[in-house]
Amino acid sequence: WEVSGVVVKVGVGVSRFACGDEVVGVSSVSQRSGCCAEYAVVDELFVCKKPAAVSHTVAAACVGPGLFAFSALHYSLRACAGDTLLVIAGGSPEGQCVAQLALDWGVKVIVAVCSDEACRTWEALLGVGVTPARVIDLRSGAGGDLDLVEAVLEETRGLGVDCVLDGGDVELHACRDALRSSAGRAEPRAAGGRRVRTTDVGNGNGNGNGNGNGNGNGNAHSSAVSKHDILRCLAPHGRWATQVGNLQLDPPDARLLMRKNATLSFVFLSAWTLAPSRHGRFLHMLEELLRKVEGRLFRSDSLVARRVSLSEAPALLGDQSSPSAPLGRAACGKVMVEVL
């Protein structure tokens, strides 16, 4: 749904743009057509002018994860300087942008990763100066931290974190049996709590240079996380934000959430385009995001995993249910569909 391209025609009443303007933004999910095409129709309230110093590829790669980061941190978690944030699935594009934006705001960031690709992504980010307080390595047999709760409590001296955010689409399981039954995932640790097991696959996104652009969303970052462990990581009065729309808490977990006086909220980015009363705030977020992108706050090199032509897109955006699906090879990054 993210788009970056050149305006070739404007509708009646459009005042903010003219033919030839380079713009970046999103299309509303209510349009259903998306942007993976030579031409895309978008509402003028969902796009802004693209900074000249930012390429169409970088703009389209950053807009989705960047808007997610702004929405989650400011509106869902109310994060501010001095807070401690745990980013689960930190290797996803959303997780990367959340961590980088939070660091810019003065938040102490802890990132949890548990795939080889996610670890390589964060090794590269650490090399260019993106420095969270800790990157928790939960890979099986890698000599890493293994237990999420132990690592978080150790880093926070037993206090827990103020905020927890799912850095992308994740599966949240309640118990070890659910983790054990997940296809392709390792057995959880036998003692000392439950482990996290993550498989990173890419978001498919596209942009076009010239007269239009498009994108497609493939299988996003997928992982298995214990809900109970997330709650154990939270400090009193903590905040947890998730993208899992069908999340359900078992009574013991609900009681734990209540006893910590903690809150649970959801992040649904499309709500901004579906609610007319929020369009002004959405534009403010988009404009601020583009200023951050122009200032190179977000390291776009790790966000773009692969660039393909529009003719290659149908095969890539086909059936992504298989572990060997094409987009699955673009771990921790976005597949950009370029229309030249």
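In this predicted model, Val3 has Gly25 of strand 2 as its bridge partner. Strand 2 covers residues 22-26 and pairs with strand 1 in the antiparallel sense. The two strands share 5 bridges. Helix 1, residues 56-76, packs on the sheet and touches both strand 1 and strand 2. The direction of helix 1 makes about 150 degrees with that of strand 1.

The sheet is open and holds 3 strands in the order 1-2-3, with antiparallel pairing. Strand 1 (2-6) and strand 3 (47-49) each have a single partner strand, so they stand at the edges and one side of each lacks a neighbour in the sheet. Neighbouring strands are turned by 20 degrees against each other on average, direction ignored. Helix 9, residues 279-294, lies across strand 2 and strand 3. Helix 9 runs at about 40 degrees to strand 3.

Helix 4 spans residues 148-155. Leu148, Val149, Ala151 and Val152 are buried in this helix. Seen down the axis of helix 4, the buried residues fall within an arc of 165 degrees, so they line one face of the helix. An α-helix has 3.6 residues a turn, so residues three or four places apart point the same way. The cover over the buried residues of helix 4 includes strand 4 (84-88), strand 5 (108-113), strand 6 (134-137) and strand 7 (161-166). Helix 6 (227-233) is also part of that cover.

Both ends of helix 4 were examined. At the start, a side-chain oxygen of Asp147 reaches to within 3.4 Å of the backbone nitrogen of Val149. Just after the helix, Arg157 takes a positive phi of about 55 degrees.

Note on methods
Residues are numbered from 1 along each chain as its sequence is written. This is a predicted model: local features need pLDDT of at least 70, side-chain atom pairs count only at pLDDT 80 or more; totals for chains, interfaces and linings use all residues. Side-chain values use heavy atoms; hydrogens and water are left out. Two strands pair if DSSP finds at least two bridges between them. Helices (H or I, at least four residues) and strands (E, at least two) are DSSP runs, numbered from the N terminus. Axes are lines fitted to C-alpha atoms, for helices over the stretch in contact, and angles run from 0 to 180 degrees between N-to-C directions. Contact means heavy atoms within 4.5 Å. Buried means under 20% relative accessible area, exposed over 50%, partly exposed in between (1.4 Å probe, protein chains only). The arc is that of the directions from the helix axis to the C-beta atoms. A polar contact is a pair of N or O atoms within 3.5 Å; within protein, one must be able to donate a hydrogen and the other to accept it, and residues adjacent in sequence count only if both atoms are side-chain atoms.
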